[in-house]
Amino acid sequence: MKKKICHMIPEEEKQCVWMTSGLISYKLCTRDYRCEECIFDQVIRNEAAVDAVARRGDGASAAASVFTADPLQEHAALFYHSGHCWAKVEDADQVRIGIDGILAQMVSPVKTVVLPQAGDAVVQGQCCAHIIQEKHIVELVSPLTGTVLSVNQWLKTAPQAIAAEPWGRGWLVTIRPDNLEHDLKALMFGRKAMEWYQKKENEVSITRSGMLSRHEPELGPTLQDGGDLIVSLADMLNPEQYEQIIDSLFRPENAA
């Protein structure tokens, strides 16, 4: 008697390219092989890019890449929210989030980082944490909606890590997303993310230079005559100017 063969996958259904490669066991393609439109494809490439960085033999760490000549290329595989937070999909039920390099440069020095607790709910685009400075408080938004799984305990004893190593040890929390594919569609990825990042970086640089140039006629105290050493943008600008430049980071692209 001939053995009956049962096909788990209907013959008319197209298999995902990642299934045909043997990387995953079951995934149907519903986009007619338009991988650029597939969130799943982006997540897989995200993980592959991060693994490639980790396997490099030059001794450089991903955490320190914020100081490299081209940090954008190191972190092009992450998903970015316009509120200057990134999301790294570690698996379907866990996403790590942190702040990007632009915001990190703006918030130093950091006095305290206030994080949610494990089990707390966070909502995409809404405040999920705070950076406390000497004279300012900066709200951080969540790039995804979900439940907090863990928080970065390292920031309790070394809050400055969020500014010094935003893509590494300065991460904020891990969360279990409620609807990962839906939320990722609202984030920027790949070329779009890098173009946005470079644009915002240029805008901040121009604004910062314009503000600082207004103070050039008034040198103020120097180290030799007893003045304090300026170590941050918050020290170099008055409170109103600093709040203005921080607000500009979170302003929607179509806002005036």
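Which residue's side chain does Thr-174 join through a polar contact of 2.6 Å? The partner is Ser-150. Keep in mind that this is a predicted model.

**Around Thr-174 and Arg-96**

Thr-174 sits in strand β11, which covers residues 173-177. With a relative accessible area of 2%, Thr-174 falls under the 20% cut-off, so it counts as buried. Ser-150 also turns up among the residues that Thr-174 touches, once neighbours within four places in sequence are set aside. Beside Ser-150, that list has Thr-147, Val-148 and Leu-149, and it also takes in Gln-94, Val-95 and Arg-96.

Arg-96 is worth a look of its own. It belongs to strand β5, residues 94-99, and its side chain makes a polar contact of 2.6 Å with the side chain of Glu-90. Skipping residues up to four places away, Arg-96 touches Thr-174 and Val-173, along with Trp-171.

**The nonpolar core**

Now for the core. The largest nonpolar core holds 52 residues, and the members touching the most others are Tyr-80, Ile-99, Leu-140, Ile-162 and Leu-172. Helix α8, residues 190-213, is the biggest contributor to this core, with 6 residues.

Take Tyr-80 from that group. Leaving out anything up to four places away in sequence, its contacts include Trp-86, Trp-167 and Trp-196, as well as Met-188 and Met-194. Tyr-80 also touches His-75, Cys-85, Asp-100, Leu-187, Ala-193 and Tyr-197.

Two of those names come back with Gly-101, a residue of helix α4 (residues 101-107). Beyond its neighbours within four places in sequence, Gly-101 is in contact with Trp-167 and Tyr-197, plus Pro-166. Gly-101 counts as buried because its relative accessibility is 1%.

**Pairs apart in sequence**

| Pair | Apart in sequence | C-alpha to C-alpha |
|---|---|---|
| Gly-101 and Cys-85 | 16 residues | 9.3 Å |
| Ala-186 and Gly-125 | 61 residues | 9.9 Å |

Is Ala-186 buried or exposed? At 54% relative accessibility, Ala-186 is over the 50% cut-off and therefore counts as exposed. You'll find Ala-186 in the loop between α7 (180-184) and β12 (188-189).

Most residues other than glycine have a negative phi, and most peptide bonds are trans.

His-84 lies in the loop between β3 (79-81) and β4 (85-91). Its relative accessible area is 0%, so His-84 is buried.

Pro-109 is part of the loop between α4 and β6 (112-114).

**The whole chain**

Stepping back, the chain has 10 helices and 12 strands. Of its 256 residues, 42% are buried. The accessible surface is about 15,000 Å², and carbon and sulfur atoms account for 52% of that surface. As for contacts between residues at least 6 apart in sequence, 62% link residues at least 24 apart.

Technical notes. Residues are numbered from 1 along each chain as its sequence is written. This is a predicted model: local features need pLDDT of at least 70, side-chain atom pairs count only at pLDDT 80 or more; totals for chains, interfaces and linings use all residues. Side-chain values use heavy atoms; hydrogens and water are left out. A nonpolar core is a set of buried Ala, Val, Leu, Ile, Met, Phe, Trp, Tyr and Cys residues joined through side-chain atoms within 4.5 Å. Buried means under 20% relative accessible area, exposed over 50%, partly exposed in between (1.4 Å probe, protein chains only). Helices (H or I, at least four residues) and strands (E, at least two) are DSSP runs, numbered from the N terminus. Contact means heavy atoms within 4.5 Å. A polar contact is a pair of N or O atoms within 3.5 Å; within protein, one must be able to donate a hydrogen and the other to accept it, and residues adjacent in sequence count only if both atoms are side-chain atoms. Accessible areas come from the Shrake-Rupley method with a 1.4 Å probe; for residues, only the protein chains shown count as cover.
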